[in-house]
Amino acid sequence: MIIDLTSGGKMLRPAFFLLFSEFGNEKKSTTDLIPLAASLEILHVATLIHDDVIDDSPMRRSQPTIHTKYGRRNAIYAGDYLFTIYFELISQNLVKNTDILRNALSMKRILIGELDQMCINFNVKATTDMYLKEISGKTAELFSLSATMGAVVSGGDQELVKRCKEIGHDIGMAFQIIDDILDFSSSSETGKPVHEDLRNGVYSLPYILGLESGNKDLIAILSKEELTDSDDEKATNIVIDDGYLNHAKEIARQFTQHALEEIGKLPKNTSRRVLTEVVKQLVNRIK
């Protein structure tokens, strides 16, 4: 089985790890940092494989998903195998047992986030709090871990580590919400067919905001056992016309703004400037 790591992923998590590794007092060599950066991307790919199985997604970044090509059982084995590679890399490259434990706890939160998603799927009573809890584990935790690990390996003190963890979390929350929003304009960013998630009962934040507000038309559509093309179009129009999409954009901007405020408190260097620009570009995708 071949897992393609070159099909369009942005390598954001290892990039954030490398950026945040510039804020501590201990400068590490590229040789020391690359294995840990690689471990974060491997962990990310493992979670994507499992996530695609849970969502029954046939495509990711315009390529067939692993379970579509090789079956669900083999996909789960592949994801599990990548988890072992991740732990092998961090055990070889992290000195303190407490740092390895931090990674294990993060992985636990990521997996709980994946399980939380099943409480939302096909659930017309899903709430914003349920959604935010889910993505806090499934998506934001890995961004938070990347930032935290960067601060830790560079010898950052407790205050710096805490700040980096918070920044990474906010970036991850904004990133997932923005990805949800981009699905309304095209599938070019995610490589997934438009409305695929909706038909699989995976409700993104704009839909959940509509459901939570008690929009009867939207609830009636999403309560159907099977959606038609017309249902997809009607549900999308409701979300756009009734302002739920714009509401989701505002929530993404709030997470982004808080991240930028905390980034401004980091030590002033080139990485802080780059990090600021990257986060600004993140939210600019939905303007």
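**Chatting through the model**

A: Helices here are DSSP runs of H or I with at least four residues, strands are runs of E with at least two, and both are numbered from the N terminus. This is a predicted model, where local features need pLDDT of at least 70, side-chain atom pairs count only at pLDDT 80 or more, and totals for chains, interfaces and linings use all residues. Residues are numbered from 1 along each chain as its sequence is written, and side-chain values use heavy atoms, with hydrogens and water left out.

Q: Is S271 buried or exposed?

A: S271 counts as buried, because its relative accessibility is 10%. Buried means under 20% relative accessible area, exposed means over 50%, and partly exposed is in between (1.4 Å probe, protein chains only).

Q: And what does S271 touch?

A: Not counting residues up to four places away in sequence, S271 touches L19, E22 and F23. A contact means heavy atoms within 4.5 Å.

Q: Which other residue has its place in helix α13?

A: V279 is in helix α13. V279 is buried too, with a relative accessible area of 1%.

Q: What is V279 in contact with?

A: Leaving aside neighbours within four places in sequence, V279 is in contact with I171, T256, L260 and I263. As for K268, V279 is 11 residues from it in sequence and 16 Å from it in space, C-alpha to C-alpha.

Q: OK, new topic. How many residues does the largest nonpolar core have?

A: The largest nonpolar core has 56 residues, and those with the most contacts inside it are F20, I177 and L266. A nonpolar core is a set of buried Ala, Val, Leu, Ile, Met, Phe, Trp, Tyr and Cys residues joined through side-chain atoms within 4.5 Å.

Q: Which elements give two or more residues to this core?

A: They are α1 (12-20), α6 (128-153), α7 (158-182), α9 (205-212), α10 (216-222), α11 (229-241), α12 (244-263) and α13 (270-284). Of these, α7 gives the most, with 12 residues.

Q: Why would residues like that gather?

A: In soluble globular proteins, nonpolar side chains tend to be buried together.

Q: You mentioned L266. What is L266 in contact with?

A: If we skip its neighbours within four places in sequence, L266 is in contact with F20, F23, L160, R163, C164, I167, R272 and L275.

Q: Nice! How many disulfides are there?

A: The structure holds 0 disulfides, a disulfide being a pair of cysteine sulfur atoms within 2.5 Å.

Q: What about the loop between α5 and α6?

A: T127 has its place in that loop and is partly exposed, with a relative accessible area of 24%. Leaving aside neighbours within four places in sequence, T127 is in contact with I208 and E212. The C-alpha atoms of T127 and M11, 116 residues apart along the chain, are separated by 31 Å.

Q: Where is F122, and what is its phi?

A: F122 lies in the loop between α5 and α6. F122 has a positive phi of about 60°, although it is not a glycine. F122 is exposed, with a relative accessible area of 52%.
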